[in-house]
Each structure stands twice: as C-alpha cells, then as structure tokens.
Amino acid sequence: MEAPHDTLYDMHCHIGFAANAAEVAASAAARGGLQALSCTVTPSEYEQQRAALAGFGFARVALGLHPWWVADGRCGPEGVERFCALAPGERFIGEIGIELTERYRAPEARERQVAALDRALAACNEGAPGKLVSVHAVRATEPLLDALETAGTCERHAVVFHWYSDTPEGLKRAVGMGCYFSVGSYMLETRRGREYARIVPEGRLLLETDAPSRPGKLWSADLWRAQLELGLAELARIRGVDEQALAATMAATSAQLLHG
C-alpha cells in the first residue's frame with residue numbers, strides 16, 4: 001500500500017553499499033517520491049559515489065570518514081587528509097563519529113578516531129556555515145558531544161545523530177545542543193530505541209533506513225520504499241500520532257535540511 005503522502009525522505013542511507021547501486025538509483029529516480037542523503041564511509045567512496053549519482057537529483061551524497069574504517073586503519077592518514085581537503089567545500093558530511101564498543105575501543109583505535117573526528121570538524125568549519133553533518137556514536141556520545149562543543153559545530157551546522165542508542169543523559173544533552181535524530185526500523189527493534197524515538201521533539205525527528213546494511217548486498221527501490229514506510233508507520237504508532245501528519249512534519253524538516 002502506498003504511503004499517504006507524496007515524498008519520503010531517507011536521511012541516512014548507503015546507496016553505494018548496494019551491489020546493484022546504479023540499478024537501484026535509476027529505479028528510485030524513475031518511480032519518484034523519494035529524497036535521500038546517501039552517506040559514505042571514506043573520501044574515496046564519496047568521490048566515486050558523487051560521480052555515479054551525479055545524474056540522479058533525488059540523492060545528495062555526503063562526504064564520510066566512518067569511525068570503523070578509521071579505527072581499524074582501512075582509512076588511514078591519507079584518507080583523513082583527503083577528507084580535510086574536501087570538507088570545506090562540501091555541504092553534506094557523513095558519516096563521521098566515534099564508536100567505543102569492544103571491537104573499536106583499544107587505546108590506539110580510540111586515539112585514531114578522536115584525532116580524525118577533531119580534524120574533520122575543524123575542516124568543516126573552514127568552509128561556509130550551514131552544512132548537514134550526520135554523526136555516528138556508539139558508547140561514545142559524551143566524547144562526540146565534547147568534540148562538537150569544542151569545535152562549535154552545532155552553532156555553525158545542522159548535526160544529525162544517526163540511530164541514537166546511547167544514554168538518556170547523552171540524548172538530553174544532544175537535544176539541548178540543537179541536534180536532530182534520524183530513526184529507522186533497525187533502531188525501533190529495541191526497547192531503548194523505541195523510547196528515544198517517542199521522546200525526541202517532533203521538529204528534530206527524521207526518517208532513515210541505514211540501508212543497505214552492508215557493502216555488496218543486493219537492494220531494490222521497492223524494498224527501500226517499503227523499509228521507509230515501515231519505519232514511518234512504527235514511529236507514528238510509538239508516538240501515538242497520525243501517520244500522515246508525522247510524515248508531513250518530517251518531510252518539511254528534511255526538506256529544510258537538504259535544500260535550505
């Protein structure tokens with residue numbers, strides 16, 4: 001069944017992860033009714049995806065420096081340097097951040113992530129204000145918020161927490177700093193995720209898929225649309241509001257962030 005609104009906004013996806021990315025993009029563009037922020041994990045992926053998606057007006061490609069790739073060295077010093085060279089001139093940034101789960105919290109991995117994030121935020125500030133910055137924080141919200149605060153990022157740019165899963169205190173602090181939150185069906189699978197989705201101010205709430213879930217996965221425009229509709233319906237149910245009204249509010253917020 002079609003959603004009761006014209007356009008759905010996916011404010012955090014990874015078109016470049018799809019094994020059939022060109023096919024998905026062409027199909028989504030032909031179908032219409034979709035706008036997307038497609039995040040990347042390294043500057044090299046960003047440059048490839050920027051070229052690949054240049055002809056598809058529904059998708060904005062964000063320059064990324066994902067903490068997993070930084071922590072394990074897949075994106076090393078040259079990648080960080082390339083990000084810093086590109087960031088001043090880019091409007092869309094993502095995803096960047098810190099993750100301190102067991103796999104990524106070794107001292108050297110944490111140091112690489114924090115240093116890369118500080119440099120990324122400084123590079124963003126070298127350009128014009130008004131960027132859209134999608135951030136990743138897992139067991140690391142406080143250090144990430146500290147970095148955002150030190151850089152003055154929330155005063156200069158719009159910051160979106162993707163799939164927020166950390167502490168209630170961190171959520172309250174992020175709301176107080178003016179952050180937005182992109183929420184999708186994955187986040188809503190957990191009790192904590194559902195509670196956070198219920199209490200985020202409506203004007204700060206965005207829809208996401210974070211799909212495809214891994215590089216090399218087959219995907220389709222129909223599956224994409226269905227995942228967005230599922231997330232929207234569940235959000236409306238959790239918040240106890242009309243689905244169409246919620247869709248309209250999130251669409252207006254997303255359009256403002258994407259198009260100014």
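**Exercise 1. Is Tyr 104 buried or exposed, and at what relative accessibility?**

Before we start, a word on the model: it is predicted, local features need pLDDT of at least 70, side-chain atom pairs count only at pLDDT 80 or more, and totals for chains, interfaces and linings use all residues. Residues are numbered from 1 along each chain as its sequence is written, and side-chain values use heavy atoms, with hydrogens and water left out.

*Solution.* 
Step 1: recall the cut-offs. Buried means under 20% relative accessible area, exposed over 50%, and partly exposed in between (1.4 Å probe, protein chains only).
Step 2: apply them. Tyr 104 has 5% relative accessibility, so Tyr 104 counts as buried.
Step 3: With 31% relative accessibility, Trp 68 counts as partly exposed.

**Exercise 2. Classify the aromatic pair of Trp 68 and Tyr 104.**

*Solution.* 
Step 1: know what to look for. A pair of aromatic rings is described by the distance of the centres and the angle of the planes.
Step 2: take the rule. Rings of Phe, Tyr and Trp (its six-membered ring) pair if their centres lie within 6.5 Å; planes under 30 degrees apart count as stacked, over 60 as edge-to-face and the rest as tilted. By this rule the count comes to 10 aromatic pairs.
Step 3: use the values. Trp 68 and Tyr 104 are 5.8 Å apart, centre to centre, with 5° between the planes, and the pair is stacked.
Step 4: Trp 68 sits in helix H3 (residues 67-71) and Tyr 104 in the loop between strand S5 (92-99) and helix H5 (107-126), 36 residues apart. Helices (H or I, at least four residues) and strands (E, at least two) are DSSP runs, numbered from the N terminus.

**Exercise 3. Describe how helices H9 and H10 cross.**

*Solution.* 
Step 1: find the axes, which are lines fitted to C-alpha atoms, for helices over the stretch in contact, with angles from 0 to 180 degrees between N-to-C directions. The axes of H9 (residues 191-199) and H10 (residues 221-239) come within 9 Å and cross at roughly 75°.
Step 2: name the arrangement. Angles under 35 degrees count as roughly parallel, over 145 as roughly antiparallel, 65 to 115 as roughly perpendicular and the rest as oblique. H9 and H10 are therefore roughly perpendicular to each other.
Step 3: list the contacts (heavy atoms within 4.5 Å). Arg 194, Ala 197, Arg 198 and Ile 199 in H9 meet Glu 234, Leu 235, Arg 237, Ile 238 and Arg 239 in H10.
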